[in-house]
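Please look over the structure shown below together with its sequence.

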Amino acid sequence: MILQGTGILTSFIHIISESLLAPVVIILVIFLVYAILSLGGFLNEWFTKKPLKSDALESLLQNVSKSSSPDELKAVIDSSALYKEQKDILVKITNNYNLGPDARKAFASKLIEEEESNLLKLTSKTDILVRLGPIFGLLGTLIPLGPGLSALGTGDITTLAQSLTIAFDTTVTGLTIGAIGYVISKYRKQWYESDLTTTEAVAEAILEKLNGF
């Protein structure tokens, strides 16, 4: 039994639901374009990224410990195989050798935290694709099914076929967006965590060496 007055409410919800289809499709297209662009950047990073191996890190730490001045420390950092962002952080720490030990350590922690925050912003964008891509894909699946089922009741096979086509297309698109975002986020988080660990290790060695000057 349908309660009195619910017909108006269900009609209103039906209108809202159908009006959401166009925005959902537009958002899916935007997500898909961003996912493809992110995938291109990820593949470029995949082929060009060369993380510091444990042997190279050991050698770098040894060279840091053997340095006799801040200038020599900076030369060791510049000649290392670290990434530019890592070198910038370590050089800033070295440049502030005149600070006290506690202030220098706090400054180093702040620089590393800022870099970690920047890296998290990069992965958070693809994390959004992982969560929202399938959600909007599901919305794009369910919204056209209403008119499609109504068309089935009246024998309008053409409208039903069109509705099902939209439903399947949006489902595939949403899942594709989520899959791309998941792969990118997964590997980037591993890379960035390794980079931060390396930066922290070298920063600790530099701080220890600066305390001895």
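What follows describes a predicted model.

In this model, the largest nonpolar core has 37 residues, and Leu60, Val64, Leu90, Ile93, Val202 and Ile206 are the members that touch the most others. Helix α2, which gives two or more residues to this core, packs with both α6 and α8, while α8 also packs with α4.

- Valine 64, one of the core members that touch the most others, is in contact with Leu73, Val76, Ala205, Ile206 and Lys209 once its neighbours within four places in sequence are set aside.

**Helix α2**

- Helix α2 is made up of 28 residues and spans 40 Å from its first C-alpha to its last, which is close to the 40 Å expected at 1.5 Å a residue.
- The buried residues of α2 are Leu21, Val24, Leu28, Phe31, Ala35, Ser38, Phe42 and Glu45.
- An α-helix has 3.6 residues a turn, so residues three or four places apart point the same way.

**Packing of α2 with α8**

- Helices α2 and α8 pack at an angle of about 35 degrees, their axes lying 9 Å apart, and their crossing is left-handed.
- On the α2 side, the residues that meet α8 are Leu21, Val25, Leu28, Phe31, Leu32, Ala35, Ser38, Leu39, Gly41, Phe42, Glu45 and Trp46.
- On the α8 side, the residues that meet α2 are Ile166, Thr170, Thr173, Gly174, Ile177, Ile180, Val183, Ile184, Tyr187, Arg188, Trp191 and Tyr192.

**Packing of α2 with α6**

- Helices α2 and α6 pack at an angle of about 145 degrees with their axes 10 Å apart, and the crossing of these two helices is left-handed.
- The residues that α2 brings to this pairing are Leu21, Val24, Ile27, Leu28, Phe31, Tyr34, Ala35 and Ser38, and those they meet in α6 are Lys125, Thr126, Leu129, Leu132, Gly133, Phe136, Gly137, Leu139 and Gly140.

**Packing of α4 with α8**

- Helices α4 and α8 pack at an angle of about 165 degrees, with 11 Å between their axes, and α4 is therefore roughly antiparallel to α8.
- The crossing of α4 and α8 is right-handed.
- The residues that meet here are Pro70, Leu73 and Ile77 in α4, and Ile206, Lys209 and Leu210 in α8.

**Phenylalanine 42, in α2**

- Phenylalanine 42 lies in helix α2 and counts as buried because its relative accessibility is 4%, under the 20% cut-off.
- Neighbours within four places in sequence aside, phenylalanine 42 is in contact with Val183, Ile184, Tyr187, Arg188 and Trp191, which are among the α8 residues that meet α2.
- Phenylalanine 42 and proline 23 are 19 residues apart in sequence, and their C-alpha atoms are 28 Å apart in space.

**Serine 163, in α8**

- Serine 163 is found in helix α8 and, with 7% relative accessibility, counts as buried.
- Not counting residues up to four places away in sequence, serine 163 touches Pro144, Pro147 and Gly148.
- Between serine 163 and asparagine 95, which are 68 residues apart in sequence, the C-alpha to C-alpha distance is 64 Å.

- Lysine 110 lies in helix α6 and counts as partly exposed because its relative accessibility is 45%, which falls between the 20% and 50% cut-offs.
- The C-alpha atoms of lysine 110 and alanine 35 are separated by 32 Å, the two residues being 75 residues apart along the chain.
- Serine 150 lies in helix α7 (residues 145-154) and, at 47% relative accessibility, also counts as partly exposed.
- Serine 150 and leucine 160 are 10 residues apart in sequence and 8.2 Å apart in space, C-alpha to C-alpha.

Technical notes
Residues numbered from 1 in each chain as written. Predicted model: local features only at pLDDT ≥ 70, side-chain atom pairs only at ≥ 80, totals over all residues. Heavy atoms only, no water. Core = buried A, V, L, I, M, F, W, Y, C linked by side-chain atoms within 4.5 Å. Buried < 20%, exposed > 50% of the residue type's maximum accessible area, 1.4 Å probe, protein only. Helix = DSSP H or I, 4+ residues; strand = E, 2+ residues; numbered from the N terminus. Contact = heavy atoms within 4.5 Å. Expected span 1.5 Å × (residues − 1). Axes fitted to C-alpha atoms, helices over the stretch in contact; angles between N-to-C directions. Parallel < 35°, antiparallel > 145°, perpendicular 65-115°, else oblique. Left-handed = near helix turned anticlockwise from the far one by under 90°.
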